[in-house]
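Work through each task before reading its solution.

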Amino acid sequence: MDQLSHVVIAGAGIGGLCAALALTKQGRQVVVCEQAATLSEVGAGLQISPNALKVLRHLGLEDELRPFAFVPEYAAIRDYKTGEYYLKSPLGTSAESRYGAPYWHLHRADLHRVLVEACLQAGVELVLNAAVVSYRENLERQPVSLLLEDGRVFSADLLIGADGIRSKVREQMLGQERPTFMGQVAWRGVIPVSDLTVDVKPDACVWAGPGRHFVSYYLRGGDYVNFVAVEERSDWLSESWREEGNVDELKRAFAGWHPEVSELLQSARSTFLWALNGREPLSTWHQGRVVLLGDACHPMLPFMAQGAAMAIEDGYVLAKCLSRHSLKDALFQYEHLRKPRATKIQQMSKANAGLYHMHGDVLGRMKLTALQVAGRFVPNVIQSKLDTVYGYDVTEV
Ligand SMILES: Cc1cc2nc3c(=O)[nH]c(=O)nc-3n(C[C@H](O)[C@H](O)[C@H](O)COP(=O)(O)OP(=O)(O)OC[C@H]3O[C@@H](n4cnc5c(N)ncnc54)[C@H](O)[C@@H]3O)c2cc1C
């Protein structure tokens, strides 16, 4: 097996930090280079499904995270106007017993902070203000070097590109190519429950409407409500893929929706607007001593709430493969284990846009009604579709 003692990671997002923690626990020296000057996360929630939670548990983080979690009682799809349920599928204790780990809602900032603290405690070196521009492979003792904008160089035995959807590492490995705008934008925000004038159900709820959908769920033990409001758009003109959104514009876009949605939005004070981008599956995820993970290699629409979960799984599997095989075989194995799963979930996420956005009033409602009937007569049909996603356990692979 190769001597692989030093690893450098581009990007201290959720995927990069999970990989860093798993590799440090194996006794490797890990440096993470992050472009941001401070480690803070946007105000937004994440649904963390049992498959991701199994990894966080193996990394020793479940108890740290529990006080910040909210456990939803069920997942729901409701009509944007009448509030009628097209789907009501149990989560809570039922998800925990079915999948062997709970389904949680977490604030991104809480998950990120717990990961950072665990990494620092384990001995990961976190370098901030470290914008990666490129890398080179060379004949030095540590044969791959990460080059920063300010001229600093970090060399290692392996470079992991965990630098998100606009990955510089991916760009150098596979050529310059912008991610594709998927024709949808998402407003995200977090509202303190004390500001609400409306009762929000303890669920993970998708409100399906024409050309739009709205997601709401509690965070931090029920102290906050997170919302994601998705709207179809023909273009995205801004260079940035995330910017401050206009709350009034958001309220106008969802005016006339069920009072649980429109009144909830009345309490929103600020929001961020995200362009939802995607990428066709890449020809490869690794080359020489460089490998990609998370959004850097498989960005996906957030309609399965699995992007962060996939980055978490990637980081863990990559570390596991490196502990079992020579470098070349490990990177091959990693891609072999991860690519089919990530690609499948990318496709499932895209398909959900069609379901949530009632394309064509009649056709849209027919799809949702079919789901309603299936849920009523064969309740397991919905769960069994999700079993391959939530029931998967990378710690057992
Ligand atoms: C609206 C919305 C809702 C979502 N909801 C969910 C959900 O409920 N559940 C879920 O699992 N997923 C969800 N996701 C997806 C999830 O947020 C992403 O898939 C996940 O954050 C990807 O993690 P990552 O570590 O690969 O990349 P990122 O989180 O993007 O991290 C990349 C890191 O690299 C850094 N970086 C970038 N470029 C450089 C550079 N040149 N040099 C140095 N550092 C660099 C960045 O600053 C960042 O810290 C959602 C996404 C959106 C848009």
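**Exercise 1.** Determine which helices and strands each supply at least two residues of the shell around the ligand.

Solution. The elements are α1 (14-25), β3 (45-48), β12 (180-192), β17 (272-278) and α9 (307-324); helices (H or I, at least four residues) and strands (E, at least two) are DSSP runs numbered from the N terminus. The largest share, 4 residues, comes from α9. The model is predicted: local features need pLDDT of at least 70 and side-chain atom pairs pLDDT 80 or more, while totals for chains, interfaces and linings use all residues. Residues are numbered from 1 along each chain as its sequence is written, and side-chain values use heavy atoms, without hydrogens and water.

**Exercise 2.** Identify polar contacts to the ligand (pairs of N or O atoms within 3.5 Å).

Solution. Start with the backbone: an N or O atom of Ile-14 lies 3.3 Å from a ligand oxygen, and one of Gln-35 lies 3.1 Å from a ligand nitrogen. Next, take the side chains: a polar atom of Arg-108 lies 2.7 Å from a ligand oxygen. The protein covers 88% of the 1,000 Å² of accessible area (Shrake-Rupley, 1.4 Å probe) that the ligand has on its own.

**Exercise 3.** Describe the sheet that contains β8.

Solution. Three strands form an open antiparallel sheet in the order β8-β9-β10; strands pair if DSSP finds at least two bridges between them. β8 (132-137) and β10 (153-156) each have a single partner strand, so one side of each lacks a neighbour in the sheet. Between β8 and β9 (residues 144-148) there are 5 bridges, and Val-132 stands opposite Leu-148.

Notes: A polar contact is a pair of N or O atoms within 3.5 Å; within protein, one must be able to donate a hydrogen and the other to accept it, and residues adjacent in sequence count only if both atoms are side-chain atoms.
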